[in-house]
Amino acid sequence: MYETHYHRASSVDDAAAQFAKGAEAKYLSGGQTLLPVMKQRLAAPSDVIDLAKIPALIGIEVGGDNVTIKAATPHYDVSTNAALQKAIPALAALAGMIGDPAVRYRGTIGGSLANNDPAADYPAAVLALDATVKTNKRSISATDFFKGLFSTALEDGEIITAVTFPIPARAGYAKFRHPASRFALTGVFVAQTKSGEVRVAATGASASGVMRVPAIEQALKANWSASALDSVSVSADGLMADLHGAADYRANLIKVMAQRAVKDAA
Amino acid sequence: MTAISLTVNGKVVSGNVEDRTLLVQFLRDHLNLTGTHVGCDTSQCGACVVHVDGRAVKSCTTLVGQVDGASVTTIEGLSHGDELHPMQAAFRDNHGLQCGYCTPGMIMSAVDIVQRHGGKLDEATVRHELEGNICRCTGYHNIVKSVLDAAGRMSTAQAAE
Amino acid sequence: MGVEGIGASVLRKEDRRFTTGKGRYVDDIKLQGMTHAHFVRSPHGHAKVKGIDSSAALKMPGVVAVLTGQQIVDDKVGNLICGWAVHSKDGTPMKMGAWPAMAPEVVRFVGQAVAVVIAETKNQARDAAEAVEVTYEELPAVTNVKASIATGAPQLHPEAPNNIVYDWALGDEAATNDAFSKAANVVKMDLVNNRLAPNAMEPRAAIAQYDEAEEHFTLYTTSQNPHVARLVLSAFYNIAPENKLRVIAPDVGGGFGSKIFIYPEEMVALWASKKVNRPVKWTGDRTEAFLTDAHGRDHVSHAEMAFDKDNKILGLRVKTHANFGAYMSLFSSSVPTYLYATLLSGQYNIPAIYAEVMGVYTNTSPVDAYRGAGRPEASYLVERMMETAARQLKVDPAELRSKNFIRQFPHQTPVIMAYDIGDFQASLDAAMKSIDYAGFPARKAKAKSEGKLRGIGLSCYIEACGIAPSKAVGSLGAGVGLWESAEIRVNPVGTIEVLTGSHSHGQGHETTFCQLVAERLGVPVSQVSILHGDTDKVQFGMGTYGSRSLAVGGSAIVKALEKVEAKAKKIAAHQLEASESDIVIENGEFKVTGTDKSIALPMVALAAYTAHNLPDGMEPGLKESAFYDPSNFTFPAGTYICEIEVDPGTGKTEFVNFVAADDFGRLINPMIVEGQVHGGLTQGIGQALLEGAVYDSNGQLITASFMDYAMPRADDVPSYKLQHTTTLCPGNPLGVKGCGEAGAIGASAAVINAITDAIGNNHLDMPATPDKVWHAIRAGA
Ligand SMILES: Cc1cc2nc3c(=O)[nH]c(=O)nc-3n(C[C@H](O)[C@H](O)[C@H](O)COP(=O)(O)OP(=O)(O)OC[C@H]3O[C@@H](n4cnc5c(N)ncnc54)[C@H](O)[C@@H]3O)c2cc1C
Ligand code: FES
Ligand code: FES
């Protein structure tokens with residue numbers, strides 16, 4: 001790792017002010033992505049501004065229609081939150097599938113979304129549940145937030161403060177782990193809103209990051225069941241291909257994982 | 001350079017360190033607590049796991065600045081005097097280690113697993129929960145046995161308290 | 001005997017220190033005034049080094065020196081050697097290019113060192129290494145064996161035309177052709193044995209210290225065999241004469257072969273420590289481990305097996321291309337030849353075998369022994385062939401094997417090996433019973449009704465351990481003898497030190513070797529300590545690899561113990577005024593049979609050292625040493641059967657059951673033996689399902705971290721059911737055979753046999769990733 005300057009921010013405004021002072025500052029939340037990247041010397045921030053201890057950024061609020069997860073809430077706390085487990089069980093379960101227990105203790109939803117790794121889990125839930133990403137400047141809809149591989153609508157220095165998820169009628173998430181990294185080789189989040197809309201998002205599969213899967217959405221809207229997808233075929237165009245999964249294999253996984261997510265949906 | 005102060009194995013320690021210092025480097029190089037190991041550069045192997053405020057985290061993926069003021073327990077701080085922690089004893093009794101390199105991280109993760117699941121652990125859960133700890137020697141068979149054995153011992157110990 | 005003697009599962013003495021964080025590995029050691037090394041490594045698979053500009057690096061904070069490949073050549077540090085001379089079938093010696101510790105002119109694999117920065121801290125060394133400017137002229141690279149020997153391929157070494165190191169053969173070609181001409185059926189197969197990264201969890205490390213006053217070097221290093229390291233470093237690399245070089249291997253975090261070899265980093269650390277006149281420490285990181293630790297396996301083979309009309313094997317023909325990487329590592333030449341082709345008879349009566357092996361250079365990391373070394377490749381080939389043959393001949397795979405088992409011992413195979421003893425049917429039967437082989441068809445049908453594909457696969461492996469005898473391996477080209485030494489010191493108060501040339505890096509020698517002493521002298525293991533891993537303490541030794549420590553190292557201890565016992569009995573008889581032949585040892589007491597007269601071992605030891613009252617002419621002291629050179633290899637063998645289920649939707653394999661029935665001869669500590677099997681099986685399963693070191697065509701290692709190289713984790717593997725069948729090895733005094741590699745040798749064929757059975761498509765190469773299995777299901781449908 002290159003030498004850097006570490007600052008612990010006391011509030012969101014303090015963090016933004018520190019960021020503005022740094023030559024090439026970066027926010028640090030759980031550090032479970034940024035630190036490995038810095039260790040490999042692939043990033044060299046002049047300053048790292050720690051958001052993890054800002055009280056306003058920690059916590060989960062479950063209301064009648066919405067769930068809000070503050071940005072610096074670790075995956076572990078999300079996965080074990082009893083109110084969330086009742087409101088959107090699939091979201092709590094997803095948080096419990098990220099990485100391993102040690103990663104879940106530190107990694108946060110804000111960091112995961114800001115990073116927008118094409119194989120990360122949270123983006124699938126955010127897109128399928130049509131969540132809203134709140135920042136210190138504005139609210140951004142899920143559709144507008146994700147801009148492809150490792151890029152988002154966030155402006156330089158903008159801080160994610162929270163994510164608000166509408167509570168669906170039912171939702172499910174199924175993940176097929178990459179054999180080595182254990183990220184999603186393909187993960188599919190299926191959701192049906194209280195008004196009957198169906199949204200399906202796949203992660204790990206596409207070369208341009210998390211994506212909706214219209215073919216599956218249509219089939220499930222007509223008939224919410226795993227067997228409704230038997231005859232659906234997902235195109236391999238634009239899907240990633242690497243050592244652990246060819247594009248046609250990932251296309252197959254999108255369908256198979258969607259079926260399993262529907263079966264598990266609650 | 002940053003001044004830091006934290007509690008390690010019950011003792012307050014402080015120092016002036018480069019800001020880029022990782023917790024594992026601080027433990028090994030500054031405090032000579034070499035029981036915490038480094039087995040990878042990508043935060044995957046778990047050889048470096050320690051407890052920070054009671055949670056098992058990867059000390060190779062934590063800046064020491066992030067744990068300023070926190071309480072850290074390493075493998076050296078797990079046993080009370082000569083008496084091994086039930087997890088340490090279970091690893092020895094079940095031959096849960098060979099070269100010993102992954103062992104400190106395994107044990108620290110395993111203690112955390114038992115603390116979260118209590119005595120309700122089964123083999124499949126243990127295997128799944130050990131996802132972040134890689135061992136090249138034991139094939140995990142006896143590690144799993146050790147953790148299940150310790151889970152029994154720890155809940156008995158708790159019940160006795 | 002005794003609760004701590006042979007056959008007892010004594011808990012390991014070493015575990016208190018390991019479970020409390022008190023192990024002492026190389027990186028844990030700090031020396032006064034220590035500097036840190038970071039290597040500048042080639043980013044290219046093949047390139048000319050046109051120039052190295054270290055001026056900017058030298059100005060960076062904390063930098064002590066920047067040293068280059070040219071300097072190490074100028075200082076006449078020797079090139080790395082390959083210690084086993086193999087000849088091509090035309091009689092010519094193998095053709096090798098030079099391998100300097102840092103490349104002065106040409107780099108031939110990504111990660112090869114060209115310079116080293118020595119600085120006050122590790123971070124400073126790494127910061128400065130980035131500032132060293134190396135100008136390269138890229139050359140075309142080749143990474144695949146077959147492509148490497150094709151016409152027009154990039155050439156790696158002028159000494160080795162067409163990148164061929166040797167074209168070797170073993171067996172009787174004419175007899176084999178003859179066998180095939182009489183065959184009723186011939187089974188043919190192409191097989192790939194995937195390249196693996198050893199990945200001991202402790203990365204390699206070295207600390208070198210030069211003492212100017214004594215002109216003496218000390219090297220702390222992650223080595224499986226410190227004495228061999230010293231020998232090679234002094235005899236071939238001109239670092240220092242043996243008496244001026246001490247090599248210490250403290251606790252070592254796993255080896256699996258990869259820590260046998262003497263690597264450039266250790267040489268450079270030693271050389272640099274004298275140049276900067278301060279201790280130099282280098283600790284590799286995982287990326288460096290992936291790039292520079294010797295890889296394992298990497299064979300491409302074509303095999304044919306001839307059967308008569310009764311399904312008896314008539315002959316086996318094998319042609320293998322072995323990828324050696326860019327340079328010939330220390331024992332590399334022997335792995336695909338004498339450690340591979342000699343095991344191609346498997347457990348079977350095969351009248352004629354002919355094997356050809358072509359060793360080939362490519363722009364990849366050097367390949368050498370990795371757990372099993374040659375034997376897993378042989379076992380995989382033979383056992384995949386047997387299963388495939390059974391399918392083709394439409395007979396039960398267990399029956400086909402059974403029909404062809406060797407049942408008379410000793411048995412001379414057509415490929416050098418003379419199997420001394422075994423009972424292959426016993427282990428097959430034990431494994432089949434344990435897994436309820438007979439009930440499998442019903443289980444398969446039930447799984448099918450639940451939408452799962454279930455399969456069962458066998459593997460009846462044999463291996464040769466404890467590479468020996470020295471004279472024989474010498475005649476085959478080995479550069480060293482393969483005996484072992486031991487010394488037993490009974491101290492004046494009766495505590496005992498055992499000095500062994502074997503090295504423990506997880507195998508539990510500190511316990512097992514004590515048990516040998518406990519067995520013989522009746523003392524508790526707590527009174528015995530094992531010294532190993534330090535060339536200043538232990539006279540000599542060949543180290544630990546090839547599952548040799550107990551069969552060879554343990555036998556040396558037994559020989560030394562015999563001498564100690566004989567002398568101690570003489571002293572006891574003298575003290576007790578009895579006849580030597582009446583003395584027996586019970587619970588640490590020397591007794592006169594049939595009387596109540598006795599003397600405890602500490603008193604005998606005290607008498608030996610006070611020397612006040614010893615038999616006439618006896619030398620004082622109680623300390624004996626022995627060298628043991630075995631008369632033959634040992635031949636552990638067994639059967640592994642696994643039952644798996646494939647998820648047709650994802651191609652993912654799950655284990656239902658995995659049974660292993662091994663014959664390791666006598667077990668000294670069953671608990672430790674079983675631990676070795678578990679670890680070996682998991683590495684074998686890792687090779688079969690997950691692991692593969694993959695290069696792109698430019699020589700970039702695509703799998704250079706745990707993010708891309710899939711290591712087996714706890715939830716990838718099952719709990720194992722182990723059985724032991726026993727035939728005692730006649731070749732050593734303990735009757736032991738060695739257990740360290742069996743799992744890795746036998747497991748992978750069982751797994752692939754099971755998957756191919758489940759999916760009904762035999763064309764499947766390792767690693768059988770879900771993606772590959774899913775594609776194979778579709779291709780087979
Ligand atoms: C071994 C391992 C396995 C993993 N497995 C998975 C997996 O299976 N699935 C998965 O989804 N992820 C996985 N991860 C990634 C993990 O979930 C990370 O925690 C997450 O991606 C980043 O969160 P963080 O809080 O650690 O962010 P950090 O690493 O602290 O930051 C990541 C990036 O986000 C920026 N950032 C952080 N917080 C904010 C904010 N509030 N506003 C604006 N920018 C911000 C940072 O500047 C940085 O660029 C894994 C990580 C590891 C080490
Ligand atoms: S060293 Fe921390 S996870 Fe490997
Ligand atoms: S005991 Fe050696 S890595 Fe686990």
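How many salt bridges does the rule find across the interface of chain B and chain C? Four, where a salt bridge is a side-chain nitrogen of Lys or Arg within 4 Å of a carboxyl oxygen of Asp or Glu. One of them joins Asp28(C) to Arg28(B), with the closest N and O atoms 2.7 Å apart.

Some ground rules. This is a predicted model, in which local features need pLDDT of at least 70 and side-chain atom pairs count only at pLDDT 80 or more, while totals for chains, interfaces and linings use all residues. Residues are numbered from 1 along each chain as its sequence is written, chains are lettered from A and ligands numbered from 1 in the order in which they are written, and side-chain values use heavy atoms, with hydrogens and water left out.

Back to chains B and C. Contact, meaning heavy atoms within 4.5 Å, involves 48 residues of chain B and 54 residues of chain C. The buried area is about 4,300 Å², and carbon and sulfur atoms give 52% of that; buried area is the accessible area (1.4 Å probe) that two parts lose on being put together, summed over both.

Next, the chain B side, by class. The side that touches chain C has 16 nonpolar, 19 polar and 13 charged residues. Here Ala, Val, Leu, Ile, Met, Phe, Trp, Tyr, Cys and Pro count as nonpolar, Asp, Glu, Lys and Arg as charged, and the others, Gly among them, as polar.

Last, chain A. An automatic or database domain assignment gives domain 1 (5-50), domain 2 (58-166) and domain 3 (170-264). The C-alpha centres of domain 1 and domain 3 of chain A are 34 Å apart.
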